[in-house]
Amino acid sequence: MLTKRIIPCLDVKDGRVVKGTQFRNHRDVGDILELAQRYADEGADELVFYDITASSDGRVVDKSWIGKIAQLINIPFCVAGGIRSIEDARIILNDGADKISVNSPALERPDFITELSETFGTQCIVVGIDSREENGAYKVYQYTGDEHKTIKSKFDTVEWAQKVERLGAGEIVLNCMNNDGMRQGYDLKQLTKVQEAITIPLIASGGAGHEENFLDVFKNTKISGALAASVFHSRQIAIPELKLYLKNHNIEMRLTH
Amino acid sequence: MPSQPTIAIIDSGCANIASVFYALKRLGHEGTLTSDKDVIKNANRVILPGVGTARAAMKQLHERDLVNTIQNLTQPVMGICLGMQLLFQHSEELDTDLLNIIPANIVKFNKDIDIVPHMGWNNVSLKTSSPVFNKIPDESYFYFVHSYLAPVGDYTIGECTYGNKFSAIVNRDNFYGCQFHPERSGEVGATILQNFIEGGL
């Protein structure tokens, strides 16, 4: 059986891993390579590295660490942040990243998704969606890396998710902004709504605080994986224990310990 | 075989070549990224990586005039992911003719499956004994990413299930293929690569 994936997300700023609450007040949580190795050793199924400043500053993600990660770890990883051209993507994939994730640049120019997937294959093109619930509707936000530049896009979340699938995305990471950093659980309602509207894998992001939150999202939705950052960085949740707990609750898991 | 075998990684212009190269490096082996026929012919081991579409990869192999060279290799060859699919006869993906080393066709996942690509870790049942399975526990998890598949046939030596059963590892004569990414499949993936490089195939 295909397992559910546990995906630590490492927000990268100036070559360090940082984490803030609801995208703000970033604080340093460690060295990229050390954390990557630790998560690979602990049984993480995949890693996401996200340069949280790149997209809104109009500069591309600092790439020197990507090759080092590729040399170091033997699990897949995805790089996100400010990828604006085929050439940006090519450099990152050639350095050894398995996937690239685009967000704001895809909202600016949706055809970019098609160009990427036709060049590199659907399987390595992830689209990140930052979504906020407003009066019962889900709206896609843009430039969320910088609170001063964050704007509401013209897209409804479900509509945008379907569009990116049509355009050639191989996977969607849905960050539910209302829940992000709150540690109150994933947004099951929104995740269900989006997964039911698409046929590519959906990864949940935003809201993990306790082991039960992972069980809830895997038991009650059809999503493929759950992403989290602070609960792993702080060691509040240890990945081997989390995976064992989920396995014991009949969630398909890859155990390495 | 010498203690440091020569390993040619065929440069098909695809994107996962660095991760294959680094995976060999972690095992203490140096791969040579090449599209040079002589380097490929003379290597102890040949790896055919590949991501992207079958059509784009075959176009690259034709442009580099490597189709005949690969078909006639006699040393152990391993195709990875799309590289495995290229060993077959034909792919439904953009109606593409492949290398025709294994006489069967690559097809799409069944329409009844809710979510495609098949992306993530899935367990593989070992169907035969093979030197590449040395120290690989049956039902180990490997990392897959694909939208097309090789059906189960007499060439299938490892089998996976997503909706239906399909080929996870294939072997015909000196040609091997993994639908998953051994270079990204943790310890067991590294062991498969090590068996392929160092084993008595």
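**Exercise 1. In what order do the four strands of the open sheet in chain B lie?**

Solution. Keep in mind that this is a predicted model.
- Step 1: read across the sheet, and you find the order β6-β5-β7-β10, with mixed pairing.
- Step 2: look for strands that pair on one side only; these edge strands are β6 (96–97) and β10 (148–149) of chain B.
- Step 3: zoom in on strand β5 (residues 88–91) and strand β7 (residues 102–108) of chain B, which run parallel and are joined by three bridges.
- Step 4: pick out a pair of residues here: B:F88 stands opposite B:I102 in β7(B).

As for confidence, the mean pLDDT of chain B is 94, and 98% of its residues reach 70 or more.

**Exercise 2. Describe the side of chain A that touches chain B.**

Solution. 
- Step 1: count the residues in contact, which gives 30 of chain A and 31 of chain B.
- Step 2: find the elements of chain A that give two or more residues to this side, namely α3 (64–72) and α4 (86–94).
- Step 3: sort the chain A side by class, into ten nonpolar, 13 polar and seven charged residues.
- Step 4: check the predictor's scores for the complex, an ipTM of 0.93 and a pTM of 0.94.

Key. Residues numbered from 1 in each chain as written. Chains lettered and ligands numbered in written order. Predicted model: local features only at pLDDT ≥ 70, side-chain atom pairs only at ≥ 80, totals over all residues. Contact = placed C-beta atoms within 7 Å. Nonpolar A, V, L, I, M, F, W, Y, C, P; charged D, E, K, R; others polar. pLDDT = per-residue confidence, 0-100. Pairing = 2+ DSSP bridges.
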